[in-house]
Amino acid sequence: MKKMRTLLVSSFILGCLLNAQIAIVVNKSNDVENFTIEELKQLYHGDLFLFENGLPIILIETQPLAEDFYQLLYNKSRIKIKKYWISLVFSGRSAIPPTEKATAGEVLEFVANTPGAIAFISSSDLDDRVKTVTINSNSYEQETYPLLKK
């Protein structure tokens, strides 16, 4: 009986993780509520430097979610995006590439303590320290969400 219960719980957790989506998060004090998909592309392409409220944008990313995020956002691999950022930095533009964090916990902690931070994180890792942002007025829970993993 105990093995059966463990198997059921494990199956449920695995199902939740497989259905987890990519959520965009910001610091709770940031008044941004929504980005268009084009704004999100501009953010992670180094074309926007400030939020509308004047806060400097600090981009955060984490592995292994970065590969899925960049595929969904740009239809490009993480390696291609990294190469783009390297060329951008060496071209003399003042864009600051995303800071990489090792774990979802590090991402949440950083965003919770940094007013200008924006990150993507698995919806299964969300907690109340950060605020989720909609994309094209759709939350990560909706079928019309632009970054929906299939």
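**Reading pockets in a predicted fold**

Guide: From the N terminus on, the elements of the protein follow the order α-β-β-α-β-α-α-β-α-β-β, which comes to 5 helices and 6 strands. Helices (H or I, at least four residues) and strands (E, at least two) are DSSP runs, numbered from the N terminus. This is a predicted model, in which local features need pLDDT of at least 70, side-chain atom pairs count only at pLDDT 80 or more, and totals for chains, interfaces and linings use all residues. Residues are numbered from 1 along each chain as its sequence is written, and side-chain values use heavy atoms, with hydrogens and water left out.

Visitor: What share of the 150 residues counts as buried?

Guide: Buried (under 20% relative accessible area, 1.4 Å probe, protein chains only) applies to 39% of the residues.

Visitor: Which residues line the largest pocket?

Guide: Rolling a probe the size of a water molecule over the atoms shows where empty space is left. A pocket is an open set of points on a 1 Å grid where a 1.4 Å probe fits, with protein on both sides within 12 Å along at least five of seven lines; lining residues have an atom within 4 Å of a point. Here the lining includes Asp31, Phe35, Glu39, Leu43, Phe51 and Ile57. Strand E2 (34-35) and helix H2 (37-43) are the elements that give two or more residues to this lining.

Visitor: What is the volume of the second largest pocket?

Guide: A volume is the space filled by probe spheres set on the points, joined across faces, edges and corners. For the second largest pocket this is about 170 Å³, and for the largest about 210 Å³.

Definitions and conventions:
Buried < 20%, exposed > 50% of the residue type's maximum accessible area, 1.4 Å probe, protein only.
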